[in-house]
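Subject: Structure handover

Hello,

Here is the structure I promised to pass on. Please open it alongside this message, and my notes follow below.

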Amino acid sequence: MLRLSRITLYSIAVVLDVALHGGERWVRRAEISDRQRVPPRYIEEVLRALVRAGILDGKRGRYGGYRLRREPRCITLGEIVRVVRALEVEIESFNPDTASPLAYEVVWPAWKKVQDDLMAQLNNLTIGDLCQGVVEGAPDQTARQPAAV
């Protein structure tokens, strides 16, 4: 089920933060957590999943941190959302055996189409697009050019 959960928002914000503050420099987990107010219990898991998915590179140690593995324009929000979905546990999955006939035959297919349409839009929206939005419309303290990878 597609939903805009807290962990989805945090994940997109983490990647956007790394895009804006990284580049050749490794961005430390604590910096991201402080700037984005992402609780430590979320950020560790999110960062690991983003590294495994090939969205971020991670480096351990005193001079380690995270940076984008690809250019911001090559990372889509759809890709990040798919990574997050794998992290989330479905609380209530759809079971056609217990659904009403109308829910199963009419409502569920309509909902699935809406989800597919939304994912198609997210697949066309990149971290680079969001970086550009920050540069063009954010308050001065956050407006930065996206880091080149």
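H1 passes H2 in a right-handed crossing. Keep in mind that this is a predicted model. H1 covers residues 6–21, and its axis comes within 10 Å of the axis of H2. The two axes cross at roughly 110 degrees. Angles of 65 to 115 degrees count as roughly perpendicular, so H1 is roughly perpendicular to H2.

Which residues make the contact? From H1 they are Ala13, Val14, Asp17, Val18 and His21. H2 supplies Ile32, Arg35 and Gln36. By class, the contact of H1 with H2 has four nonpolar, two polar and two charged residues.

Now the largest pocket. Its volume is about 400 Å³. The lining is made up of 15 residues. Nearest the centre of the pocket lie Arg29, Lys59, Arg60, Gly65 and Tyr66.

Where does the lining come from? Four elements are listed here, each giving two or more residues:

- helix H2, residues 29–36
- helix H3, residues 40–52
- strand S1, residues 56–59
- strand S2, residues 65–68

H3 gives the largest share of the lining, with four residues.

Best wishes

How values were computed
Residues are numbered from 1 along each chain as its sequence is written. This is a predicted model: local features need pLDDT of at least 70, side-chain atom pairs count only at pLDDT 80 or more; totals for chains, interfaces and linings use all residues. Side-chain values use heavy atoms; hydrogens and water are left out. On a 1 Å grid over the protein atoms alone, a cavity is a set of points where a 1.4 Å probe fits but cannot get out, and a pocket is an open set with protein on both sides within 12 Å along at least five of seven lines; lining residues have an atom within 4 Å of a point. Grid points are joined across faces, edges and corners, and a volume is the space filled by probe spheres set on the points. Axes are lines fitted to C-alpha atoms, for helices over the stretch in contact, and angles run from 0 to 180 degrees between N-to-C directions. Angles under 35 degrees count as roughly parallel, over 145 as roughly antiparallel, 65 to 115 as roughly perpendicular and the rest as oblique. A crossing is left-handed if the near helix is turned anticlockwise from the far one by less than a right angle, and right-handed if clockwise. Contact means heavy atoms within 4.5 Å. Ala, Val, Leu, Ile, Met, Phe, Trp, Tyr, Cys and Pro count as nonpolar, Asp, Glu, Lys and Arg as charged, and the others, Gly among them, as polar.
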